[in-house]
Amino acid sequence: MWPSSFIPYKQATSLQKPAKGAVEFLRSHDKLAVLMPSVSRMAALQKDCATALPAMFAQCAVLQFEAGQLVIAVPSTALAARLKQQLPKFQDELLRRGWQVTAIRLKVQVSKIAEKPRTSVKTPLSTKALHAFGELEDCLEDNPRNQALKSALRALIRHQHDK
């Protein structure tokens with residue numbers, strides 16, 4: 001039987017402090033608690049934007065909303081161009097949801113995708129494999145159609161022997 005990954009809930013004892021969520025953490029600090037209304041407002045706006053344009057807004061983010069001007073981060077110029085065509089409909093939908101948006105500005109912010117470099121492990125061919133390639137080269141007819149293949153086989157065998 002597989003070992004269970006289930007960890008039962010443990011009630012906090014008087015010696016342990018219960019874990020706080022992000023909201024409780026922000027509310028418990030004087031300086032951070034001031035940010036809560038802004039954070040809640042931006043989260044609600046982000047949610048309403050995603051609901052208004054679900055297919056297009058999945059990769060976008062609300063950057064700023066002040067004095068009726070909404071600034072949206074867009075990952076590419078192509079998406080910005082498509083979104084720009086939808087701005088009147090988008091703005092009307094946000095107004096209908098109670099957001100007093102007078103202008104929408106798109107800001108292209110291309111994020112650098114960190115890709116792991118591909119490393120290929122080159123394992124040498126076995127002696128048996130090299131012998132099989134040698135036999136294949138020997139049994140091929142000497143004609144113009146096979147010359148390139150025979151040449152490639154000879155280069156492969158020579159390269160493997162030089163290692």
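Two residues are in contact when heavy atoms of theirs lie within 4.5 Å. By that rule, and leaving aside neighbours within four places in sequence, Leu26 is in contact with Leu32, Ala33 and Met36. The model in which these contacts are found is a predicted one. Leu26 belongs to helix α1. Between Leu26 and Met36 there are 10 residues of separation in sequence, and their C-alpha atoms are 7.0 Å apart in space.

The protein has six helices and three strands, and read from the N terminus the order of elements is α-α-α-β-β-α-β-α-α. Of its 163 residues, 22% count as buried. Among contacts with a separation of 6 or more, 47% are between residues 24 or more positions apart.

Met36 leads on to helix α3, which covers residues 36-52. This helix has 17 residues and reaches 24 Å from its first C-alpha to its last, close to the 24 Å expected at 1.5 Å a residue. Its buried residues are Met36, Leu45, Asp48, Cys49 and Ala52. These buried residues pack against the helices α1, α2 (30-33) and α4 (77-96), and also against the strands β1 and β2.

The strands come next. β1 (61-66) and β2 (69-74) are separated by a loop that contains Ala67. Ala67 is not a glycine, yet its phi is positive, at about 50 degrees. Is Ala67 buried or exposed? Ala67 has a relative accessible area of 83%, and because exposed means over 50%, it counts as exposed.

β2 is joined to strand β3 (residues 103-108) by six bridges, and the two strands run parallel. Within the pairing of these strands, Val74 stands opposite Val108 in β3.

The last stop is helix α6, residues 144-162, where Gln160 is found. Gln160 has a relative accessible area of 14%, and since the cut-off for buried is under 20%, Gln160 is buried. Which residues does Gln160 contact, leaving aside its neighbours within four places in sequence? They are Pro124, Leu125 and Leu130.

Key
Residues numbered from 1 in each chain as written. Predicted model: local features only at pLDDT ≥ 70, side-chain atom pairs only at ≥ 80, totals over all residues. Heavy atoms only, no water. Helix = DSSP H or I, 4+ residues; strand = E, 2+ residues; numbered from the N terminus. Buried < 20%, exposed > 50% of the residue type's maximum accessible area, 1.4 Å probe, protein only. Expected span 1.5 Å × (residues − 1). Pairing = 2+ DSSP bridges.
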